[in-house]
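Take a moment to look over the sequence and the fold below. The paragraphs after it walk through them step by step.

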Amino acid sequence: MSQRQERSDRRDRDARDSDLIEKLVGINRVAKVVKGGRRFGFAALVVVGDGKGRAGAGAGKAREVPEAIRKATEQAKRNMVRVPLREGRTLHHDGKGHFGAGRVVVRSAPSGTGIIAGGPMRAIFEALGVQDVVAKSTGTSNPHNMVKATFDALLKISSPRQVAARRGKKVSDILNNRQDGVEEIAANDETASEAAPEKTEKSDG
């Protein structure tokens, strides 16, 4: 590879990196006991994304805060993954993820809901470009485990196109089946709500 091509590739990579959204999730002071005392350093956890369905997380340690953040950011860029989004604003379906003691639930949401998530999970969705989502952490509050559990849930999200390719069917068949399922659930809910007053009347009698 010529030097001119290397410079061109470096410029393209820098241009892509300049468009990335960087979120500092947390930074901790860590200590290492050595002969003669303790040596202090810093550990940073960073999430990066392009706001268009790609995001990644990374951790870095160093003696100074800026260097720890730089290391974490570089690792996050290397760990970026793509998550399919519906209409570019929310997830295609609900999902669960876990890592260690971290347990999270992510749910798609209608337009206008916003990002209902806290802490590290919010940083991931903002970097990912998700506009409407409901998420809940049901496990540990450790940010490292929460981040990895969230990515575990996001990597399980499949678009109708991916499901159709996996099953050897057309996308329209998958969407029709999903619509039929939604209508059936709505019909069952209506039937249950109509039957509820009758039960209360009998119990009063």
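Predicted model: local features only at pLDDT ≥ 70, side-chain atom pairs only at ≥ 80, totals over all residues.

Residues are numbered from 1 along each chain as its sequence is written, and side-chain values use heavy atoms, with hydrogens and water left out.

Start with confidence. The pLDDT is the predictor's confidence in each residue, from 0 to 100. The chain averages 80, and 75% of the residues score at least 70. Residues 199-205 fall below 50. Beyond near neighbours in sequence, that stretch has 0 contacts in the model, where a contact means heavy atoms within 4.5 Å.

Now the overall build. The chain has 6 helices and 10 strands. Helices (H or I, at least four residues) and strands (E, at least two) are DSSP runs, numbered from the N terminus. Of the 205 residues, 31% count as buried. Buried means under 20% relative accessible area, exposed over 50%, and partly exposed in between (1.4 Å probe, protein chains only). Among contacts with a separation of 6 or more, 52% join residues 24 or more positions apart.

Next, a helix pair. How do α3 and α4 pack? Helix α3 covers residues 120-128 and helix α4 covers residues 143-154. Their axes lie 9 Å apart, at an angle of about 45°. Axes are lines fitted to C-alpha atoms, for helices over the stretch in contact, and angles run from 0 to 180 degrees between N-to-C directions. The two helices are therefore oblique to each other. Angles under 35 degrees count as roughly parallel, over 145 as roughly antiparallel, 65 to 115 as roughly perpendicular, and the rest as oblique. The crossing of α3 and α4 is right-handed, that is, the near helix is turned clockwise from the far one by less than a right angle.

Which residues meet there? From α3 come Pro 120, Met 121, Ile 124, Phe 125 and Leu 128. From α4 come Pro 143, Met 146, Val 147, Thr 150, Phe 151 and Leu 154. By class, this contact has 10 nonpolar, 1 polar and no charged residues. Ala, Val, Leu, Ile, Met, Phe, Trp, Tyr, Cys and Pro count as nonpolar, Asp, Glu, Lys and Arg as charged, and the others, Gly among them, as polar.

Look at the loops around these helices. Gly 119 sits in the loop between β9 (115-116) and α3. Gly 119 is exposed, at 54% relative accessible area. Its C-alpha is 9.2 Å from that of Ser 141, 22 residues apart in sequence. Ser 158 lies in the loop between α4 and α5 (160-167). Is Ser 158 buried or exposed? At 15% relative accessibility, Ser 158 counts as buried. Not counting residues up to four places away, Ser 158 touches Pro 84, His 92, His 93, Val 163 and Arg 166.

Ile 116 lies in β9 and is partly exposed, at 44%. Beyond four places in sequence, Ile 116 contacts Val 133, Val 134 and Ala 135. Phe 42 lies in strand β2, residues 37-49. Phe 42 is partly exposed, at 22%. Its contacts beyond four places include Asn 28, Val 30, Ala 62 and Val 65.

Finish with a backbone detail. Most residues other than glycine have a negative phi. Glu 87 has a positive phi of about 60° although it is not a glycine. Glu 87 is in the loop between β5 (85-86) and β6 (90-91), and is exposed at 64%.
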